[in-house]
Amino acid sequence: MENNPEEAEAYVAQAMLHADLYRYPEAFESLERALAVNPNNAEALTMLASLQLRLGQIRAARENIARALELDPLQDRVLNVAVQMLVSFSNDEAEIEQLLAPTSVDLQRVRDRRRFFLGPMTVDFLRATLE
């Protein structure tokens, strides 16, 4: 890929294709390249966090989604992965509040829905929690 402003996005797209084919090492490599081009790419950080969740790398996923939320707190995919991670892997209310602080997600609605979470979060649910 040529060195241009869209290079990071191209690597993210490539990572998505690899992940869809369950080729995780290649997906991680593409995301590393995307972040080397643009370390502030919220989409790449979110995709990285999502893959890390799939592989049980919870601590790394939390760090990456927190960074993505700082960069782009209203992007649907960032919110989706953040809430999915919190609902699935966190019992710490303070962590939930801290991670979602830069967003406009209604924390009480997230808390209320946590006990009913049975599958992947949807953007529709996230939009419903926005103030």
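**A first walk through the model**

Modeller: Let's start with methionine 16, which is partly exposed, with a relative accessible area of 27%. Keep in mind as we go that this is a predicted model.

Biologist: Okay, which helix does methionine 16 lie in, and which residues does methionine 16 touch, not counting those up to four places away in sequence?

Modeller: Methionine 16 belongs to helix α1. Once residues up to four places away in sequence are set aside, methionine 16 touches Glu43, Met47 and Arg77.

Biologist: How far apart in space are methionine 16 and glutamate 26, C-alpha to C-alpha?

Modeller: Along the sequence, methionine 16 and glutamate 26 are ten residues apart. In space, going from C-alpha to C-alpha, the gap between methionine 16 and glutamate 26 is 9.9 Å.

Biologist: Let's zoom out. How many helices and how many strands does the protein have?

Modeller: Reading from the N terminus, the elements go α-α-α-α-α-α-α-α. That gives zero strands and eight helices.

Biologist: And what share of the residues counts as buried?

Modeller: Buried here means under 20% relative accessible area. The protein has 131 residues, and the share of them that counts as buried is 41%.

Biologist: Of the contacts with a separation of 6 or more, how many percent join residues 24 or more positions apart?

Modeller: Here we count contacts in the protein with a separation of 6 or more. Residues 24 or more positions apart make up 55% of these.

Biologist: How about confidence: which element has the lowest mean pLDDT, and which the highest?

Modeller: Across the protein, pLDDT averages 77, and 63% of the residues score at least 70. Residues 115-124 stay under 50, and the model has ten contacts for them beyond four places in sequence. By element, the lowest mean pLDDT, 49, goes to helix α8 (residues 123-129), and the highest, 95, to α2.

Biologist: Now charges. How far apart are the closest N and O atoms of glutamate 29 and arginine 33?

Modeller: The count of salt bridges comes to two, and one of them joins glutamate 29 to arginine 33. Both residues sit in helix α2, four residues apart, or about one turn of the helix. Glutamate 29 is partly exposed at 40% relative accessibility, and arginine 33 is partly exposed too, at 39%. Their closest N and O atoms are separated by 2.9 Å.

Biologist: And for glutamate 70 and arginine 67, how far apart are the closest N and O atoms?

Modeller: Glutamate 70 and arginine 67 are three residues apart in helix α4, so about one helical turn separates them. Glutamate 70 counts as exposed at 56% relative accessibility, while arginine 67 is partly exposed at 31%. The closest N and O atoms in this salt bridge are 3.9 Å apart.

Biologist: Is asparagine 64 buried or exposed?

Modeller: Asparagine 64 is found in helix α4. Leaving aside neighbours within four places in sequence, asparagine 64 has contacts with Leu45, Leu48, Ala49 and Gln52. The relative accessible area of asparagine 64 is 16%, and the limit is under 20%, so asparagine 64 counts as buried.

Biologist: Last one: where does tyrosine 22 lie, and with which residue does tyrosine 22 form an aromatic pair?

Modeller: Tyrosine 22 lies in the loop between α1 and α2, and its phi is near 60°, a positive value in a residue other than glycine. Tyrosine 22 counts as exposed at 63% relative accessibility, whereas tyrosine 24 is buried at 17%. The structure holds one aromatic pair. That pair is edge-to-face, with 6.2 Å centre to centre and 85° between the planes, and the partner of tyrosine 22 is tyrosine 24.

Methods
Residues are numbered from 1 along each chain as its sequence is written. This is a predicted model: local features need pLDDT of at least 70, side-chain atom pairs count only at pLDDT 80 or more; totals for chains, interfaces and linings use all residues. Side-chain values use heavy atoms; hydrogens and water are left out. Helices (H or I, at least four residues) and strands (E, at least two) are DSSP runs, numbered from the N terminus. Buried means under 20% relative accessible area, exposed over 50%, partly exposed in between (1.4 Å probe, protein chains only). Contact means heavy atoms within 4.5 Å. pLDDT is the predictor's confidence in each residue, from 0 to 100. A salt bridge is a side-chain nitrogen of Lys or Arg within 4 Å of a carboxyl oxygen of Asp or Glu. Rings of Phe, Tyr and Trp (its six-membered ring) pair if their centres lie within 6.5 Å; planes under 30 degrees apart count as stacked, over 60 as edge-to-face and the rest as tilted.
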